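Here are a few friendly notes to read alongside the model. Please keep the picture open as you go through the points.

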Amino acid sequence: MPELPEVEVTRRSFGPRIEGARITGVRLGKPLRWPLGCDAQALIGQTIGATTRRGKYLWLPLDRGGLLMHLGMSGSLQFSPLPLAPPGAHDHFDLVTSRGTLRMTDPRRFGAVLWSPALDRDPAAALLAGLGIEPFDTGFDGAYLHAALRARRGSVKTILLGGDVVVGAGNIYACEALFAAGIDPRTRGLRLSRPRCARLATALRDTLAAALTLGGSTLRDFRDAHGAAGGFQHVARVYGRAGEPCTLCGTAVRRIVQGQRATYFCPHCQRR
DNA sequence: CGGGACGCCTGTGAGC
DNA sequence: TGCTCACAGGCGTCCC
């Protein structure tokens, strides 16, 4: 589910409201990807700072260390100043605070809540170490992308998904950005010219920005921390549209598999 | 080191 | 209706 826009939309929807709150209780459900990494009771009494995001990770700083959160494939967070309903089968983490409760729901449990002594110390540091540049960083442009792709033999779609060159694009936005840039997703990184890299950098930023404005994509169950659905799925040009006509040229959108993930593209508008 | 496959886990929809 | 199978928004790990 959650790619950069969904994670950022989630952050904005609860971060400011929980900042300054004091933790009064912690409830753990079924195991997520990793154990919490600390005694849950040790979190009680600590104050939450300003929530930040790096790639698709969220960081909630505490008085002692902080919590690194990831929504995995099916995770979402909700925040309410009022007591929440009793936890359901997929509610695996409740952070009860003086301002309200933050709850992580994640049916597939690929998500994570992990305590770390600091963002730049393990385990957080190890998880963030290989991440590429933020797409909204001013350093992310055609020159950067061109230099980063120069030695890469893999397909540009797979590279975008990898997150080690630039973070934030998952399957939806990688497909959509490549469509917007007119680039065939099978094109090898090292084959992309500097001008096409510039187009791709712009396309990725614009695609993610549009998704942010629309509150992310709700294909099935994504909601922000207040329960609001996203709207980007209504403006997607290729994702999930196999066989349907391209909105630009009418050619049937194709679905192929790259790295065991579905890729959607227009074989006419997107060129190698 | 780059690249590709695997596995984590559950829900859903299609097809029989 | 009920069953089986393919597939789903991510990513750490392992192997070549």
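1. A polar contact is a pair of N or O atoms within 3.5 Å; within protein, one must be able to donate a hydrogen and the other to accept it, and residues adjacent in sequence count only if both atoms are side-chain atoms. With that in hand, look at Arg 109: an N or O atom in its side chain is 2.7 Å from a phosphate oxygen of DNA strand B.

2. A word on the source: this is a predicted model, where local features need pLDDT of at least 70 and side-chain atom pairs count only at pLDDT 80 or more, while totals for chains, interfaces and linings use all residues. Residues are numbered from 1 along each chain as its sequence is written, and side-chain values use heavy atoms, with hydrogens and water left out.

3. Which other parts of DNA strand B do side chains reach? Arg 108 has a polar side-chain atom 3.2 Å from a base oxygen, and Gln 260 has one 3.3 Å from a sugar or linking oxygen.

4. The residues around the strand (near means a heavy atom within 4 Å) include Lys 30, His 90, Phe 110 and Arg 220. Of the atoms of DNA strand B that come within 4 Å of the protein, 67% belong to sugar and phosphate.

5. Now turn to Glu 8, found in helix α1, residues 4–18 (a helix is a DSSP run of H or I, at least four residues). Glu 8 counts as buried because its relative accessibility is 6%, and buried means under 20% relative accessible area (1.4 Å probe, protein chains only). Its side chain makes a polar contact of 2.8 Å with the side chain of Arg 53.

Note on methods
Chains lettered and ligands numbered in written order. Helix = DSSP H or I, 4+ residues; strand = E, 2+ residues; numbered from the N terminus. Buried < 20%, exposed > 50% of the residue type's maximum accessible area, 1.4 Å probe, protein only.
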